Amino acid sequence: MSKKNSLSEVTFSRYSLALYELAEESKAVNEIEKQASTIVDLISKSEDLKFCIKSPTISKNELESLINSISEKTNLNELLKKFLSFLVHKRRFFYVDKILKEFVETCSKKRGEIKAELISAKDLTENDVENIKNDLSNSFNSKIKLTYKNDKSLIGGLILQVGSTMIDTSIKNKLQKIEKQMIEV
């Protein structure tokens with residue numbers, strides 16, 4: 001890992017921890033966590049927003065206007081709004097996506113949750129997903145924060161990742177293994 005990358009990781013980790021401590025102090029962790037997730041989602045879905053965040057040609061005033069616009073549309077907590085403005089003034093706004101993702105992770109860890117991801121070929125009902133989440137919670141003896149996606153390209157089966165443990169029972173994966181074996185022969 002280069003010095004620049006490690007410096008970046010340290011920087012966004014520190015900022016996210018500072019936001020967590022401020023949110024905890026003001027007893028607004030849950031509210032700010034939801035709003036941070038909303039902003040991360042907005043960033044992931046908007047190429048224009050990504051450009052504004054990453055572009056060195058966008059002025060501080062334009063970024064402030066962007067924050068105010070987002071704040072009006074999403075009714076941001078005042079602490080989060082001030083934090084985002086602080087990032088602009090410290091010229092760290094280009095880290096905002098990583099900082100907010102790290103903040104959401106920190107909130108989850110502080111609640112003792114384990115992050116899990118479920119991807120299935122078949123569209124599962126909310127009840128199915130909830131049952132899987134409960135089974136995982138019992139198996140891992142911990143709270144599970146489960147994200148679910150449907151991916152028809154798996155053909156059949158599912159992929160489950162809990163922490164660093166991954167289980168891939170998809171037909172797509174099995175076909176890829178067979179293809180690899182055939183190539184090696």
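Gln-161 stands opposite Met-166 in strand E4, and Leu-160 stands opposite Ile-167 in E4. Strands here are DSSP runs of at least two residues, numbered from the N terminus, and two strands pair if DSSP finds at least two bridges between them. The model is predicted: local features need pLDDT of at least 70, side-chain atom pairs count only at pLDDT 80 or more, and totals for chains, interfaces and linings use all residues. Residues are numbered from 1 along each chain as its sequence is written, and side-chain values use heavy atoms, leaving out hydrogens and water.

**Pairing of the strands**
- E3 and E4 pair in the antiparallel sense over four bridges.
- The hairpin of E3 and E4 has two residues between the strands, and Gly-163 takes a positive phi near 60° there.
- Strand E1 (residues 113-120) also pairs with E3 in the antiparallel sense, over five bridges.
- Ser-120 has Leu-158 in E3 as its bridge partner.

**The sheet as a whole**
- Four strands form an open sheet in the order E2-E1-E3-E4, with mixed pairing.
- E2 and strand E4 (165-168) are the edge strands, each pairing on one side only.
- In general, strands of a sheet pair through backbone hydrogen bonds, either parallel or antiparallel.

**An exposed loop residue**
- Ile-155 lies in the loop between strand E2 (143-150) and strand E3 (158-162).
- Is Ile-155 buried or exposed?
- Ile-155 is exposed, because its relative accessible area is 54%, where exposed means over 50%, buried under 20% and partly exposed in between (1.4 Å probe, protein chains only).
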